[in-house]
Amino acid sequence: MSGRTKKNAANVARQIRAAALVAVLVGSLCACAGDHDAGTGEPSFYRSMAEHGAQLDAATAASMISGYRANNGLPPVTVDPELMKMAQAQAQAMASRDKLDHNVLRAFSERLNAQGYRARGAAENIGAGYHTFAEAFSGWRDSPSHRANMLLQGATRMGIAAVYTPKSKYKVFWALILAAPDDRRS
């Protein structure tokens with residue numbers, strides 16, 4: 001190959017690599033578009049839950065927790081409708097009593113059993129006063145016991161809820177449940 005042909009081949013290779021990089025970046029941006037609030041353009045994990053009608057984006061929460069778990073060598077979690085209902089009931093019970101307490105309804109293991117949710121392992125994080133999922137996530141990540149729950153070995157499912165209560169000093173109550181379902185048949 002002549003020197004000029006080698007230069008042309010190198011230029012073409014650079015252009016292909018640049019085009020591939022642009023395609024990957026555009027694809028990444030498009031994939032993230034669903035994680036943004038249409039009204040503000042902010043990522044939905046920054047959406048305030050401290051207002052009437054605020055909707056928590058459970059899929060974005062699962063994505064963020066899954067990313068954290070992946071960074072720690074663990075499998076992702078997916079949203080589980082049963083765990084979503086249980087998290088909602090816990091957050092609602094705490095909000096209605098204005099009390100941050102794992103046992104506000106009954107003990108966590110009793111609640112799992114009462115719902116017939118079979119799990120090899122399960123953990124619950126609760127919180128109050130965090131107005132956004134990003135704040136709640138950071139609070140849990142920075143607490144050793146809550147971090148251990150988010151990094152529960154074998155967990156593949158999760159449920160999360162945030163309940164707004166304007167008369168409380170906390171304003172928002174949170175419940176996050178992670179579980180490793182026991183899929184064995186009885």
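Reader: What is the strand order in the open sheet?
Author: This is a predicted model. Its open sheet has 4 strands in the order β1-β3-β4-β2, and the pairing is mixed.

Reader: Which strands stand at the edges?
Author: β1 and β2 (119-128). Each has a single partner strand, so one side of each lacks a neighbour in the sheet.

Reader: And how do β3 and β4 pair?
Author: Antiparallel, over 8 bridges. β3 covers residues 157-164 and β4 covers residues 172-181. Ala161, for one, has Ala175 of β4 as its bridge partner.

Reader: Which strands does helix α2 touch?
Author: α2 (residues 58-71) packs on the sheet and touches β1, β3 and β4. Its direction makes about 125 degrees with that of β3.

Reader: What about α3, at what angle to β3 does that one run?
Author: About 30 degrees. Helix α3 (residues 81-97) lies across β1, β2, β3 and β4.

Reader: Switching to α5. Which residues are buried there?
Author: Phe133, Ala134, Ala136, Phe137, Gly139 and Trp140. The helix spans residues 133-141.

Reader: What covers them?
Author: The cover includes α2, β2, α6 (144-150), β3 and β4.

Reader: Now confidence. What's the mean pLDDT?
Author: 81 for the protein, with 72% of residues at 70 or more.

Notes. Residues are numbered from 1 along each chain as its sequence is written. This is a predicted model: local features need pLDDT of at least 70, side-chain atom pairs count only at pLDDT 80 or more; totals for chains, interfaces and linings use all residues. Side-chain values use heavy atoms; hydrogens and water are left out. pLDDT is the predictor's confidence in each residue, from 0 to 100. Two strands pair if DSSP finds at least two bridges between them. Helices (H or I, at least four residues) and strands (E, at least two) are DSSP runs, numbered from the N terminus. Contact means heavy atoms within 4.5 Å. Axes are lines fitted to C-alpha atoms, for helices over the stretch in contact, and angles run from 0 to 180 degrees between N-to-C directions. Buried means under 20% relative accessible area, exposed over 50%, partly exposed in between (1.4 Å probe, protein chains only).
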